[in-house]
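Work through the exercises below with the sequence and the 3D view open. Try each task before reading its solution.

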Amino acid sequence: MIALADPRAENLLIQDEIEAACRRVIEGGRYILGPEVEAFEAEFASYLGTKHGIGVGNGTDAIEVALRALGIGPGDEVITVSHTAVATATAIRRTGASPVFVDIDPQTYTMDPDAAAAAVTARTKALLPVHLYGQAADLAPLLETAEAHGLPLVEDCAQAHGAHYDGRRVGSFGALSCFSFYPTKNLGAIGDGGLVATADPELAERCRLLREYGWKERYVSSSDGWNSRLDEMQAAILRVKLPHLDSRILKRRELASHYLDRLVDTGVETPTTGPDRDHVYHLFVVQPPERDRVMEELQKAGVGCGIHYPVPIHLQPAFAGRSPVRLPETEQAAKDILTLPMHPVLGTDEIIQTCDLLGSVLSNRTPPVA
Ligand SMILES: Cc1ncc(COP(=O)(O)O)c(C=O)c1O
């Protein structure tokens, strides 16, 4: 069996460090919003090249907190993509605002900046691009649109810890940026976790109030809020893992280059990295001919592969509006994409096996219908 992702194997590489951190928390006796969360928030903000980090319960909450901190709510529109984890749109909905879906650039699978610019209305309150699969959306034109309309840009960085755009790390561009530490992410906890990052002290303060009942002072709610806290145990584990993030990204890149070498001339479309960006290969997404048959054969042979994501959000029952939206590039991508195994503990031999199998499935190709 070749795993699509293997957080267990990754964690076992540094098991002693993780166990020591967990012991420190247990013995320290502070389990919620204590020194580990505070230290991790500062360390991660500094890694990103921004000022404030606010640890929250998960990545979905990070987006909701960020949008609420901007005062976004019922009647407002937030421009985002349909080709993303449903969480992006769920979080927008949770504020009472409506997600307005725009199409993607088919080369990078990220927000098409022209489509975003065309979708701005008087009700638009934010742009929310997603740095999907491990590479940044094309931030320069998106920031231009945001600035031209006086709108904040909020980054969904859940899949792109450590990725750069124009030499800077994602998470340092938007008014606010949102991270998930779901266990399979490039920086993953051993449970749920999330974080909002911002350079703005006032927005940071609003996020802090939102994540804990609006408490400025304990037991006194001065504003709206609920409970979405990163816990001390997860923060301690993330502090152990953060110093390893860059070397794990390098490992992912090395593995990606093996894939790229072996998939040349196979008819499989491999990932493209857009200009001014690098790729941290959270997911390795290709487009093989006859995607469904290929996926079935690979899975039958024990290769963990999948589709991220099979049904665009604007076509999912919970989100399909009364007047159907057409997003041709998004809809096409959902039909063609296939995610191959990618994680820092993946062996080169496993990549060779996967590519050889892919080659043999494709050479057995059913003839096109005349
Ligand atoms: C692009 C994107 N946004 C948001 C999220 C939500 O993160 P979480 O699962 O931590 O709520 C995820 C993770 O699944 C994601 O991939």
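Two residues are in contact if their C-beta atoms, placed from the backbone, lie within 7 Å. The model is predicted, so local features need pLDDT of at least 70 and side-chain atom pairs count only at pLDDT 80 or more, while totals for chains, interfaces and linings use all residues. Residues are numbered from 1 along each chain as its sequence is written.

**Exercise 1.** List what cysteine 178 touches, not counting residues up to four places away in sequence.

Solution. Step one: the contacts of cysteine 178 include Gly59, Ala62, Ile63 and Ala66.

**Exercise 2.** Which residues of the largest nonpolar core touch the most other members?

Solution. Step one: a nonpolar core is a set of buried Ala, Val, Leu, Ile, Met, Phe, Trp, Tyr and Cys residues joined through C-beta atoms within 7 Å. A residue is buried if 20 or more other C-beta atoms lie within 10 Å of its own, exposed if 12 or fewer, and partly exposed in between. Step two: the largest such core holds 102 residues, and Ala66, Leu67, Cys178 and Val196 touch the most other members. Step three: at least three residues of this core come from each of domain 1 (7–102 + 109–243) and domain 2 (245–363); such bounds come from an automatic or database domain assignment.

**Exercise 3.** Describe how helices H4 and H5 pack.

Solution. Step one: helices (H or I, at least four residues) and strands (E, at least two) are DSSP runs, numbered from the N terminus. Axes are lines fitted to C-alpha atoms, for helices over the stretch in contact, and angles run from 0 to 180 degrees between N-to-C directions. Step two: the axes of H4 (residues 59–69) and H5 (residues 86–94) come within 8 Å and cross at roughly 40°. Step three: H4 and H5 are therefore oblique to each other (under 35 degrees is roughly parallel, over 145 roughly antiparallel, 65 to 115 roughly perpendicular, the rest oblique). Step four: residues of H4 including Gly59 and Leu67 meet residues of H5, among them Ala87 and Arg94.

**Exercise 4.** Are H10 and H13 roughly parallel or oblique to each other?

Solution. Step one: the axes of H10 (residues 245–263) and H13 (residues 348–363) cross at roughly 30° and come within 10 Å. Step two: H10 and H13 are therefore roughly parallel.

**Exercise 5.** How far apart are the C-alpha centres of domain 1 and domain 2?

Solution. Step one: the centres lie 25 Å apart. Step two: 29 residues from domain 1 and 28 residues from domain 2 take part in the contact.
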